[in-house]
Amino acid sequence: MAPSPLLENGGVIPGKPSATGRFAEVYSDLQKHRLDFSLPIPAVLSKSLQIVEGPASSAAGHPEEIQKLFPTLFGQPSVKLVSSDAPVVRSDLSLKVGVVLSGGQAPGGHNVISGIFDYMMDRTTGSTVYGFKGGPAGIMRGKYVVLTPEYIYPYRNQGGFDMIRSGRDKIETPEQFKQAEETVIKLDLDGLVVIGGDDSNTNACLLAEYFRAKNMKTKVIGCPKTIDGDLKCKEVPASFGFDTACKIYAEMIGNVMVDARSTGKYYHFVRLMGRAASHITLECALQTHPNITLIGEEVAAKQLTLKNVTDYITDIICKRSELGYNYGVILIPEGLIDFIPEVQKLIAELNEILAHGVVDEGGLWKEKLQPQSRTLFDFLPIAIQEQLLLERDPHGNVQVAKIETEKMLISMVETELAKRRVEGKYAGQFKGQSHFFGYEGRCGLPTNFDSSYCYALGFAAAALLHHGKTGLISSARNLAAPIAEWTVGGTALTALMDVERRHGKFKPVIKKAMVELDGAPFRRFASMRDEWALKNRYISPGPIQFHGPVADAVNHTLLLELGAEA
């Protein structure tokens, strides 16, 4: 297929300026106030900047393989942006920089772009910032918009990714890399900032390697984005959006806690975002104190079966009933089902069957399942059986977000309670209410923390490009301190890399950061959950605050991991 032609200003009529998709005049009073809110930023960013390089880097795993995959980038040092004694002056260097949003939305993405734009306008002369539309596909198809102060203004401190929109396409094949190459050459790009999660930043590193290997001038910098909180390490302590999303979900959980206590007759089973890691569920538990919280990583570590999980929930419900409590709140990570070993085995067998055959209505296909998997499948509620057989995602994985784990657990708990009632072991009343809090948390107004954090990441990313750096991920540290004391810089993307064997070849990956069972956040939760189970220690955090005593409060997970919360 021939590469798509570059579209003038992303397809906008020549001579006619791009119209923003938002209209500030119809904003709520709060939105208008946030538009003009003066963001506190790290003090270093208000000064003239210089680069200080650290020691040579390695890789998170299999350094010899990472070096083979990234021969020109491997070993490069991470860097720190520090202030110099020179006055802040606008450079005569004129740069052309592109920015792209990749993957699912996360609150604060617009502020990353604002930070990039402001740096270019403040510190360089006559620079141009291009926003690639619709994610990486915009790079490959040459679809973009030239960003201007007027275009950006309605998006400052606002949620969403609609300034340029995102997408889940990847630049993977030789043809796709060639398309990206043609676009950046035609636009004469000096740099590109990729805002995304672990996969997107892996892709950013591959692009940086590709451009450098071909002696192209285009540099690539990544930015850490995901509400799931699973893109982090010592050098990159947080991914943006997690703080906001958790506070949105915590408000909703607090509301159903008040409802449960008010009616006295409902158990609210709440499924939360987070397919691969349970960070959101853990943080929301720390913020609200539910009666039961399931952490996928603990389920996997203890090799729990679905019946073990059901019995754990049922045991607590029975104990609460004896105390006169026929209500409660239960938090469940979206990816729970993926953490249960017997379910993982069943899914693997189902994937194989679906990849090479069809599911007949008569059920003969079940004969291809191993006996243990067949027993488990038949044990599951019919609705969950159907959801497990849904079409796979492009990578051949079960679409976990479509499996209503909360409804499955309600059904299984009902069955177990009915059995115990017959045995005379339960005399209470049980009514389950199911919830899935998902997309509601992805596009809210970013918290004060995410607003400043994202702006700092964007400003730093632009500074790194200005200093000729490539293959780094923008980072900010010392995040438990006042914002003025944050430090900023760039971490070598190859230092975050490991490899996985796929289709007989090593593929680079940034390993997801899972909940660590010996980490401070989980240990804090584990020390309190028995009390929460039987005593109603509910906390209702209320809506996100932008002014007042808790407006600048940072999530428990980050503070505990940084050792800043006792």
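Trainee: Buried or exposed: which is Gly197?
Mentor: Gly197 has a relative accessible area of 10%. Under 20% counts as buried, over 50% as exposed, and in between as partly exposed (1.4 Å probe, protein chains only). So Gly197 is buried.

Trainee: What kind of model is this, and from which number are residues counted?
Mentor: This is a predicted model: local features need pLDDT of at least 70, side-chain atom pairs count only at pLDDT 80 or more, and totals for chains, interfaces and linings use all residues. Side-chain values use heavy atoms, leaving out hydrogens and water, and residues are numbered along each chain, as its sequence is written, from 1.

Trainee: What is the mean pLDDT of the protein?
Mentor: pLDDT is the predictor's confidence in each residue, from 0 to 100. Here 95% of the residues reach 70 or more. The mean is 93.

Trainee: Which residues does Gly197 contact beyond four places in sequence?
Mentor: Gly197 lies in the loop between strand 6 and helix 7. Helices (H or I, at least four residues) and strands (E, at least two) are DSSP runs, numbered from the N terminus. Leaving aside neighbours within four places, the contacts of Gly197 are Ser102, Lys225 and Leu231.

Trainee: Which residues does Ser540 touch, not counting those up to four places away?
Mentor: Ser540 sits in the loop between helix 18 (520-534) and helix 19 (556-561). Its relative accessibility is 43%, so Ser540 is partly exposed. Ser540 touches Gly254, Asn255 and Val258.

Trainee: What is the phi of Asp188?
Mentor: Most residues other than glycine have a negative phi. Asp188 is in the loop between helix 6 (174-186) and strand 6 (191-196). Although Asp188 is not a glycine, its phi is positive, at about 55°.

Trainee: What is the relative accessibility of Asn215?
Mentor: Asn215 also has a positive phi, about 60°, and is not a glycine. Its place is the loop between helix 7 (198-213) and strand 7 (219-224). Asn215 counts as exposed, at 72%.

Trainee: How many aromatic pairs are there?
Mentor: Rings of Phe, Tyr and Trp (its six-membered ring) pair if their centres lie within 6.5 Å; planes under 30 degrees apart are stacked, over 60 edge-to-face, and the rest tilted. The structure's number of such pairs is 15.

Trainee: Why is the pair Tyr325 and Tyr327 edge-to-face, and what is the angle?
Mentor: Tyr325 is partly exposed at 27%, whereas Tyr327 is buried at 8%. Their ring centres are 5.8 Å apart. The pair is edge-to-face because the planes stand at 65°.

Trainee: Which ring lies under the charged end of Arg34?
Mentor: A charge sits over a ring if NZ of Lys or CZ of Arg is within 6 Å of the ring centre and within 35 degrees of the ring normal. Arg271 lies over the face of Phe436, at 3.9 Å from the ring centre. For Arg34, at 4.6 Å from the centre, the ring is that of Phe37.

Trainee: At what angle do helix 11 and helix 16 cross?
Mentor: Helix 11 spans 306-322, and helix 16 spans 405-422. Residues that meet include Leu306 and Val309 in helix 11, and Met408 and Leu409 in helix 16. Axes are lines fitted to C-alpha atoms, for helices over the stretch in contact, with angles from 0 to 180 degrees between N-to-C directions. These axes come within 9 Å and cross at roughly 65°.

Technical notes. Contact = heavy atoms within 4.5 Å.
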